[in-house]
Amino acid sequence: MKSLAIDHAHLRAENVGVTLGSRRVLHDVSVTVSARSRLAIVGENGRGKTTLLHVLAGLRAPDHGTVHRAGTIGVARQALPFRSGETVGTLTTEALREADNALRALDAAVSDFDEDRYAAALEAATRLDAWDAERRVDIALEALGACPDRTRELSTLSVGQRYRVRLACLLGARHDFLLLDEPGNHLDAGGLAFLTERLRGHDGGVALVSHDRALLADVATEFLDLDPSEDGRPRTYAGGYDAWQDGRRRDRERWVQEFEEQRATHQQLTLAVNQARDRLSTGWRPDKGTGRHQRQSRAPGVVQALNRERAALDAHRVTVPEPPLVLRWPDLGAGATALVRVHDMTVTGRLAGPVTLSLDRGDRLLVTGENGAGKSTLLSALAGELAPTAGSIRHLAGAKVALIGQEVPAWPEELTARRLFERAGVPFSAMGLLDTEALRTPVGRMSQGQQRRLDLALKLAGRPNVLVFDEPTNHLSAVLVEELTEALLATPAAVVVATHDRRMLADLAAWPRLTL
């Protein structure tokens, strides 16, 4: 696609719809990404965020609606397909191709003494800052911790390493638009800081899909929310992360109020019909001895009243759809006060330690450390799923510990949520975590986000008084993580959290910290 001047570049989707199988993923979505946009596409897993990004990029055609594109587009997908024999140099050469072409065109125009061609070539090279392109890629490779060896075959790199190379190439090149799907995956703190700086300073437009709330807060100035709304259409919120959260909350409160008012009216009309029906069958009858004429004269009035109430009920419609789920946190923390005691605990090869700590009702603990330091090992030991090789860990009488790990258990794929609750022997409660569709979906066909929600619901249903979370934000939407964080701050249960999520670390900064 021929690159245009940045001020004229745009991506515009109008009434876009996409259906996957029998499921409608996107419906009548309209959005514009301008040359200065910093747009976040947000919503629960399965709402079509990645699909919309691919539609905007031209990687997928919509089933209906139109997409207008003007300008060059760089796309970072979550997965990077590659062919045998391709190297790091294959990606860097592709990223630098437009800049190299611009410089060659400029050299050719100088050699031919063609003034018009020279002016056009100089404008193109200047817009791309082509002289500095390779250095920009090298800087990005280093900042993201990506492999700089141009001869290294992609097949020898891990998924994360390949992703970092591809992302560095995108950030080093000059595209009018960057469309990024979970760009924070596989990056450490330094890489995230570099990514944030580059996206904030990018000369063109940015549209990103991310569960990283800190990245969203630092970069996005506009939010396209694909979660259900009162009128069934996506909502756009301007003003940054906090404005999105506030606007979304106000919209949901208004939605709930209107739904409850309509439902209350419907219930009142239903009650009036039932009361009129009761009067027709029993209540209208006069006392014994009343004349036949009097009985006959009163009957039509009761029938007419019933018909009026029925007509009013038939005329009334609950037009507001049922509002979406909101986390309903159970009452936890009942039972003993003293809960867990750990003394000089180590796990050979996994947790150097020694670790000593106490957990009582209401205690809070934030566990931090580099990858491989033993955070997950410590949490597994706290939950009683791993025995220490030295030292001791005691669960005192009345302690009920629940571990919400990074991975969900290996459930039988054919079971539904209700069957898993039955198997676990805990009272069934969706707790605002699972909608009707998820409840009847076998776990093997659930998304990662739905499985994470199910695991949390199962663990909470056991009414634990010690909650142990290992990377609780994984595969959960920003909205649910905000609700979860509020609940963790308020629950009377003891809570232990290990996380790399920057915003959660900030939210829990006042908690006592154990650094491994």
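Arg213, Asp242, Glu482, Asp501, Arg503 and Asp507 are joined in a network of salt bridges, a salt bridge being a side-chain nitrogen of Lys or Arg within 4 Å of a carboxyl oxygen of Asp or Glu. The structure is a predicted model, in which local features need pLDDT of at least 70 and side-chain atom pairs count only at pLDDT 80 or more, while totals for chains, interfaces and linings use all residues. Residues are numbered from 1 along each chain as its sequence is written, and side-chain values use heavy atoms, with hydrogens and water left out.

**Salt bridges**

The structure holds 26 salt bridges, and the table lists some of them.

| Pair | N to O distance |
|---|---|
| Arg150 and Glu134 | 3.8 Å |
| Arg150 and Asp138 | 2.7 Å |
| Arg235 and Asp251 | 3.8 Å |

Arg235 lies in strand S9 and Asp251 in helix H8 (residues 241–283), so this pair ties together parts that are 16 residues apart in sequence; helices (H or I, at least four residues) and strands (E, at least two) are DSSP runs, numbered from the N terminus. Arg150 forms a salt bridge with Glu134, and the pair links the loop between helix H4 (133–143) and H5, where Arg150 is found, to helix H4, which holds Glu134, 16 residues apart. Arg150 also forms a salt bridge with Asp138, which is in helix H4, 12 residues apart from Arg150. With relative accessibility of 25%, Arg150 counts as partly exposed, where buried means under 20% relative accessible area, exposed over 50%, and partly exposed in between (1.4 Å probe, protein chains only). Glu134 is partly exposed at 47%, and Asp138 is partly exposed at 33%.

An open sheet with mixed pairing is formed by 6 strands in the order S5-S6-S7-S3-S8-S9, two strands being paired if DSSP finds at least two bridges between them. Strands S5 (73–76) and S9 (235–238) stand at the edges with a single partner strand each, so one side of each has no neighbour in the sheet. From one strand to the next the twist averages 15°, where axes are lines fitted to C-alpha atoms, for helices over the stretch in contact, and angles run from 0 to 180 degrees between N-to-C directions. Strand S6 (residues 177–181) runs parallel to strand S7 (residues 205–209), and 5 bridges join them; Phe177 stands opposite Gly205 in S7. Helix H5 packs on this sheet, touching S5 and S6, and its direction makes about 160° with that of S5. Helix H6 (residues 189–201) lies across strand S3 (38–42), S6 and S7, running at about 120° to S3. In the loop between S6 and H6 is Glu182, which has a positive phi of about 50° although it is not a glycine, and which is buried with a relative accessible area of 8%.

The side chain of Arg162 does reach the backbone oxygen of Leu154, at 3.4 Å. Apart from neighbours within four places in sequence, Arg162 is in contact (heavy atoms within 4.5 Å) with Leu80, Phe82, Leu154 and Leu157.

**The sheet of five strands**

Another open sheet has 5 strands in the order S14-S15-S16-S12-S17, with parallel pairing. Strand S14 (401–404) and strand S17 (513–515) stand at its edges, each with a single partner strand, so one side of each is left without a neighbour in the sheet. Strands S12 (residues 364–368) and S16 (residues 494–498) pair in the parallel sense over 4 bridges, and the bridge partner of Arg364 in S16 is Val495. Helix H14 (residues 478–490) packs on the sheet, touching S12, strand S15 (466–470) and S16, with its direction at about 125° to that of S12. Leu365, in strand S12, is buried with a relative accessible area of 10%, and its contacts beyond four places in sequence include Val495, Trp511 and Leu514. His475, in the loop between S15 and H14, has a positive phi near 65° and is partly exposed at 31% relative accessible area.

**Helix H10**

Of the 8 residues of helix H10 (residues 375–382), 7 are buried, so the helix is largely enclosed by the rest of the structure. Among these buried residues are Lys375, Thr377 and Ser380, and just after H10, Gly384 takes a positive phi of about 80°.

Definitions and conventions
A polar contact is a pair of N or O atoms within 3.5 Å; within protein, one must be able to donate a hydrogen and the other to accept it, and residues adjacent in sequence count only if both atoms are side-chain atoms.
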